[in-house]
Amino acid sequence: MRVEMEKHILELKNVFVTAETKSGSSTIIQDICFTADKGDRLAIVGESGCGKTMTAMAIFGLLPGNCHAAGKIYLNGKNLLELKPKEMNAFRGKAFAFIPQNGSEFLNPVLKIKYQMFETFKANGINKKRDMRAKATDLLYQVGFENPETILNKYSFQLSGGMAQRVILAIGLSSSPQLVIADEPTRGVDEKNALLFLNRLDESFQNSAVILITHSIDIAERCNKIAVMYAGMIMEYGDAKEILQQPVHPYTQSLIHALPENGFEIYQNPDGIQSETGCPFYAQCPKAKTICAEQIPQLHQIGTAWRRCFFV
C-alpha cells in the first residue's frame with residue numbers, strides 16, 4: 001500500500017506483529033497501514049480477536065513479552081519502534097494517552113482516585129500537593145463531574161462504570177496528549193452515559209488525533225475515518241461515511257448486513273474450505289476465486305478508500 005504521508009501525528013506503515021510460541025512463530029497482525037491527523041477520529045472496527053487491540057498495544061509499545069512488532073510506527077515523524085524503553089516511557093506520559101475498556105478495572109481499587117491522579121501529575125512535573133489537587137479538581141469538572149472534590153475521595157469500586165470511564169478520561173487529559181487511543185471505551189456503560197462519555201471525549205481532545213477501537217457501527221459513524229480489520233489485516237480503510245454507506249469489500253458488506261436493521265444476514269462458508277496461504281476471508285466470501293486461496297491481496301486505492309481484494 002502506498003499512501004502520501006506527510007506531517008501526520010500518527011503514521012503506521014507495513015506494521016507486522018509476530019508471536020513466539022512453543023509451536024513456532026505466528027503472525028498476529030500484518031501489513032497495517034493508516035494515518036491519524038490533528039482532529040481526526042479514526043474507528044478501528046472488526047470482530048473480537050481480529051487484532052484491533054494488538055494494533056494499539058504495538059503503537060504504545062506494550063505488547064506481551066513473546067510478541068514483536070516490525071515495520072514503522074511514526075509519532076510526529078519519530079519511529080516509536082526504534083525508541084529505547086526510557087524514551088518510550090516519556091512518550092507514554094506526555095505525547096499519547098490510552099483509555100482502556102472498563103475503566104473500573106484499570107483503576108487501583110485500594111487507592112483513592114486523588115492519589116491515582118496525583119501519580120500521573122508527578123510524572124508530568126507537577127509536585128506540589130496544592131497544585132495537584134487544583135488540577136485534579138479542574139479536570140474532573142471538565143469531564144462532567146459537578147462534585148469533583150467528592151470524587152477525589154472515593155475508591156474506584158464506589159463509582160459506576162460511566163463514572164470510572166470519565167475518571168480515566170480526566171487522567172488522559174492531564175498531559176494534553178496529541179494521540180488518544182480508546183479501546184471499547186463505552187463497553188459495559190449504559191446508552192445514556194456512553195453518549196455523554198463520547199461527547200466529552202470529542203470536546204476534551206478537539207486538537208488530538210483520536211482512535212476508537214470498537215465493535216459498534218454507531219460509534220464508527222461518529223468518526224471521519226474507518227479501518228475495517230479481519231484476521232489481523234485491514235480489509236478496507238478510508239472515509240468513514242463512504243465506506244459505511246457504500247461498503248465495497250465483501251467483509252465490510254457482511255458487517256453491515258449483520259446489523260439488526262438488515263436482518264442479521266451473515267455470509268456463510270458453503271463448503272468448509274479454508275485457506276492457509278491466501279485471503280483470510282476466502283472461506284466466507286461469495287466472490288472468492290482460486291487466486292484468493294493462493295495469494296493475499298494487497299491494499300489498493302479505489303475511489304478515496306483503500307481495499308484489500310482482487311475483485312472489487
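Val110 is found in the loop between α3 (103-106) and α4, where helices (H or I, at least four residues) and strands (E, at least two) are DSSP runs numbered from the N terminus. At 62% relative accessibility, Val110 counts as exposed, a class that requires over 50% relative accessible area with a 1.4 Å probe and protein chains only. Together with Leu111 and Tyr115, Val110 makes a nonpolar surface patch of about 280 Å². Such patches are made of residues with over 30% relative accessible area and no salt bridge, nonpolar side chains (Val, Leu, Ile, Met, Phe, Trp, Tyr) being joined within 5 Å; a salt bridge is a side-chain nitrogen of Lys or Arg within 4 Å of a carboxyl oxygen of Asp or Glu.

The model is predicted, with local features needing pLDDT of at least 70 and side-chain atom pairs pLDDT 80 or more, whereas totals for chains, interfaces and linings use all residues. Residues are numbered from 1 along each chain as its sequence is written, and side-chain values use heavy atoms, without hydrogens and water.

The largest pocket has a volume of about 460 Å³. On a 1 Å grid over the protein atoms alone, a pocket is an open set of points with protein on both sides within 12 Å along at least five of seven lines, a cavity is a set where a 1.4 Å probe fits but cannot get out, and lining residues have an atom within 4 Å of a point. Of the 20 residues that line the largest pocket, Arg92, Ala97, Phe98, Phe106 and Ile171 lie nearest its centre. At least two lining residues each are supplied by α2 (85-94), β6 (96-99), α4 (113-123) and α7 (161-173). The lining comprises eleven nonpolar, seven polar and two charged residues.

The second largest pocket, of about 280 Å³, is lined by residues including Thr186, Val189, Asp190 and Arg222. Two or more lining residues come from each of α8 (191-204) and α9 (217-220), and α8 gives the largest share, four residues. Five nonpolar, two polar and four charged residues form this lining.

Two cavities of 30 Å³ or more were counted. The largest cavity, of about 70 Å³, has among its lining residues His249, Cys279, Cys285, Cys292 and Cys309; ten of the lining residues are nonpolar, one is polar and none is charged. The second largest cavity has a volume of about 40 Å³ and is lined by Arg41, Leu198, Leu201, Asp202, Leu212, Arg222 and Cys223. Its largest share, three residues, comes from α8.

Key
Points joined across faces, edges and corners; volume = space filled by probe spheres on them. Nonpolar A, V, L, I, M, F, W, Y, C, P; charged D, E, K, R; others polar. Patch = residues over 30% accessible without salt bridge, like charges linked within 9 Å, V, L, I, M, F, W, Y side chains within 5 Å. Areas by Shrake-Rupley, 256 points an atom, 1.4 Å probe, with all protein chains shown as cover. Buried < 20%, exposed > 50% of the residue type's maximum accessible area, 1.4 Å probe, protein only.
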